[in-house]
Amino acid sequence: MAIRFYNTLTRAKEDFAPLAPGEVRMYTCGPTVYNFAHIGNFRAYIFEDLLRRHLKYRGFKVTQIMNLTDVEDKVIRACRETGEPRESLTKRYIAAFFEDLDTLGIERAEQYPAATDYVPEMVALIKTLRERGHTYEHRGSIYFKLDTFPQYGRLSHFRIEDLKDGASGRVDLDEYDPESAKDFALWKAYVPEDGDIYWETELGKGRPGWHIECSAMSMKLLGESFDIHTGGEDNMFPHHENEIAQSEAATGKPFVRYWLHCRHLMVEGRKMSKSLGNFHTLRDLVERGYNPMAIRWVLIATHYRQPNNFSFDALEAANESLQRIQDFRRRLADVRGSGSDLREEMAACETAFGSALDDDLNVSAGLAAVFNFIRDTNKLIDEDAISKAGAAGALALLDRLHSVTGLFAGAKDDAVPDEIQQLVLERQKARRAKNFAQADAIREHLTAAGWIVEDTPDGPRVKRALERVI
RNA sequence: GGCGGCAUAGCCAAAUGGUAAGGCAGAGGCCUGCAAAGCCUUGUAUUCCCGGUUCAAGUCCGGGUGCCGCCUCCA
């Protein structure tokens, strides 16, 4: 069955076929590096991670580009307020961003171009637009003239005349320069507030507008037409709409074939906001002792086009689910007997999982397939009806599905320290002597140290308790 | 004011118009010295409310209610 994606452009699920067979070129809108990213940002990055991983799982060669916006109003404001030079400020937050990606097990894109490294490309693109009559100048800034691009609004399904100037409250219309508030800046003339953040170019002294970087970098690195472009739903308008206008007006070619947008994250049923006190950066949660993989689970387990309700109850549930998977892996690793090689069960699981993901990344249905497999296989393990090869195959299956979801890894640190092992042995001795009081005391001691003992027919098994809330 | 989306059990969350997956939590049981893990059983689910279409509606249509996103630089 074909892979299908919901394309914002057509508002329908479409069969996916890349321009070049076997190769997918995708551009995923990245962070503005003026602050630590919050978990809402990471919902988008994890959705994009799932997308690239599933495409790879399906055999595509993936080239993913994610931009780093290191010059933009908020960056400049942060520099002005802190007095820190732009270079060092953005460098710090870029480093933090990559740390966060690692924390959540997000695979690296092929390239992370920074906007400031592509100023010449942006200038060239703006010059092309100027030559083609799509721009006008106003007080040294260069704007895109929307009425030269009649297709404007095709992605967000907005009609220009329906847009209400300033309705978002973000623009002070009295101070707004262009001929129409809907025209957007390609190049912004230098103002004193910009400090030392400017470029001397053929377009004058100033800096690029926000939207132009994505057009310039994506077309430079992926070609004038490419397969997939993603972002959060808020990027649909105006950012992506403007990218389409800039790119297609400049090249005359279709810019992007599949536009995928993910819905926002809510926290405890409300929109995440500082004033509601439910605003969380990844770092906050990790510092508070939450398991990063449980965070990944919560962020990934809801279909990307559904609003995802992040809650601490859900985080706890995700932690338990991870524990269940790790226990399952441990049981498989201990299988020694003979019996079923699980061939049919594994095929059924992987088929169900794969077709769920093929269907617009329906990860919830995919997880259900995995849990069904886990339950059925656990039953067989209880009955001692699985071969060693079958258990090894099941572990290999989990590894394959892990490559898509990043959720099915084994326990990170299975090495049991000698002193813990010693206590386990002592406890076992006490149990053999029917000295259960002592055995239980040792067990409590182990639990306090973060280790859980399970008595099995093959003897005691010790595992580390998963990280959880402190 | 305009455009778009969502509402499924205590929580999280799936479901080509064909009779409501899965996870977590809770309850009972098997197993266990006791646990843990695992398994079994367990949720009358009025699928937000009111109408309608249909042999059949969580799903389609209309009207409410609530929430979310966008309307110039927020994933």
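Reader: Which residues is G406 in contact with, leaving aside neighbours within four places in sequence?
Author: R53, M293, R296 and L401, where contact means heavy atoms within 4.5 Å. This is a predicted model: local features need pLDDT of at least 70, side-chain atom pairs count only at pLDDT 80 or more, and totals for chains, interfaces and linings use all residues. Residues are numbered from 1 along each chain as its sequence is written, and side-chain values use heavy atoms, with hydrogens and water left out.

Reader: Is G406 buried or exposed?
Author: G406 counts as buried because its relative accessibility is 7%; buried means under 20% relative accessible area, with a 1.4 Å probe and protein chains only.

Reader: Where is G406 found?
Author: In the loop between α12 and α13 (418-432). Helices are DSSP runs of H or I with at least four residues, numbered from the N terminus.

Reader: And how far apart are G406 and W451?
Author: 24 Å in space, C-alpha to C-alpha, and 45 residues in sequence.

Reader: Switching to α11. What does it reach from first C-alpha to last?
Author: Helix α11 (residues 363-382) reaches 28 Å with its 20 residues, close to the expected 28 Å. The expected span is 1.5 Å times one less than the number of residues.

Reader: Which residues in α11 are buried?
Author: Among them are V363, L367, F373 and I381.

Reader: What covers the buried ones?
Author: The cover includes α1 (39-57), α8 (292-300), α9 (312-333), α10 (343-358) and α12 (388-405).

Reader: What follows α11?
Author: D384, with a positive phi near 60 degrees.

Definitions and conventions. Chains are lettered from A and ligands numbered from 1 in the order in which they are written. Helices (H or I, at least four residues) and strands (E, at least two) are DSSP runs, numbered from the N terminus. Buried means under 20% relative accessible area, exposed over 50%, partly exposed in between (1.4 Å probe, protein chains only).
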